[in-house]
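Visitor: Please show me the model. I would like to ask what stands behind the terms used for it.

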Amino acid sequence: MATALNKYGILYLHMVEPKWKNDKEKAEGPDIDSLVPIRKAFNGTFITAGGYNHEDGNKAISENKADLVAYGRWFLSNPDLPKRFEIDAPLNKYHIETYYTPDPVIGYIDYPFLEDNS
Ligand SMILES: Cc1cc2nc3c(=O)[nH]c(=O)nc-3n(C[C@H](O)[C@H](O)[C@H](O)COP(=O)(O)O)c2cc1C
């Protein structure tokens, strides 16, 4: 499919590794870079996501496994995630209990910024 997309000149392809189901806080799962063949097949910008932290996101880029790495859960719990990565600050833990709940605030926009902790 990624090869077929090339003929349409699509700017980017963004995919999620199935390994994101493995919560790094709780369990170690298989660490397979299953998207690499798709990355190689697609000519445009390739964005990966799924189970990455700061360190292995950088590693994926340096090993040319993607052009960009997207973050889901870490971004949800850290509204200033780029800043935290930049200065190597500790991260707020994400709370699985508040995923997919109807409250528009709790678990979505109530995680503290770095300056809120000081
Ligand atoms: C609370 C929550 C809601 C999500 N909602 C969606 C969604 O609506 N559509 C979607 O494609 N992915 C959704 N995702 C998946 C994320 O976009 C992302 O692919 C996934 O969290 C893997 O990245 P991560 O390991 O950095 O968290 C959601 C993830 C979480 C935790």
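Guide: Two strands pair if DSSP finds at least two bridges between them. Helices (H or I, at least four residues) and strands (E, at least two) are DSSP runs, numbered from the N terminus. The model is predicted: local features need pLDDT of at least 70, side-chain atom pairs count only at pLDDT 80 or more, and totals for chains, interfaces and linings use all residues. Residues are numbered from 1 along each chain as its sequence is written, and side-chain values use heavy atoms, with hydrogens and water left out.

Visitor: What makes strand 1 and strand 2 a pair?

Guide: Five bridges join strand 1 to strand 2 (residues 45–49), and the rule asks for at least two, so they pair. The two strands run parallel, and histidine 14 stands opposite isoleucine 47 in strand 2. The open sheet has three strands in the order 1-2-3. Its edge strands are strand 1 (12–16) and strand 3 (68–70), each pairing on one side only.

Visitor: Why is the contact between arginine 39 and aspartate 67 called a salt bridge?

Guide: A salt bridge is a side-chain nitrogen of Lys or Arg within 4 Å of a carboxyl oxygen of Asp or Glu. The closest N and O atoms of arginine 39 and aspartate 67 are 3.0 Å apart, so the pair meets the rule. Arginine 39 is in helix 2 (residues 36–41) and aspartate 67 in the loop between helix 3 and strand 3, 28 residues apart. The count of salt bridges comes to four.

Visitor: Why is arginine 39 called buried, and aspartate 67 partly exposed?

Guide: Buried means under 20% relative accessible area, exposed over 50%, partly exposed in between (1.4 Å probe, protein chains only). Arginine 39 has 11%, so it is buried. Aspartate 67 has 34% and is therefore partly exposed.

Visitor: Which salt bridge does glutamate 63 form with lysine 65, and how exposed are the two?

Guide: Their side chains meet at 2.9 Å, N to O. Glutamate 63, at 37%, is partly exposed, and lysine 65, at 24%, is partly exposed too. Salt bridges that share partners join Lys59, Glu63 and Lys65 into one network.

Visitor: Why does glutamate 55 count as exposed?

Guide: Glutamate 55 has 64% relative accessibility, so it counts as exposed. This residue is found in helix 3. The C-alpha atoms of glutamate 55 and phenylalanine 85 are separated by 9.3 Å, although the two residues are 30 apart along the chain.
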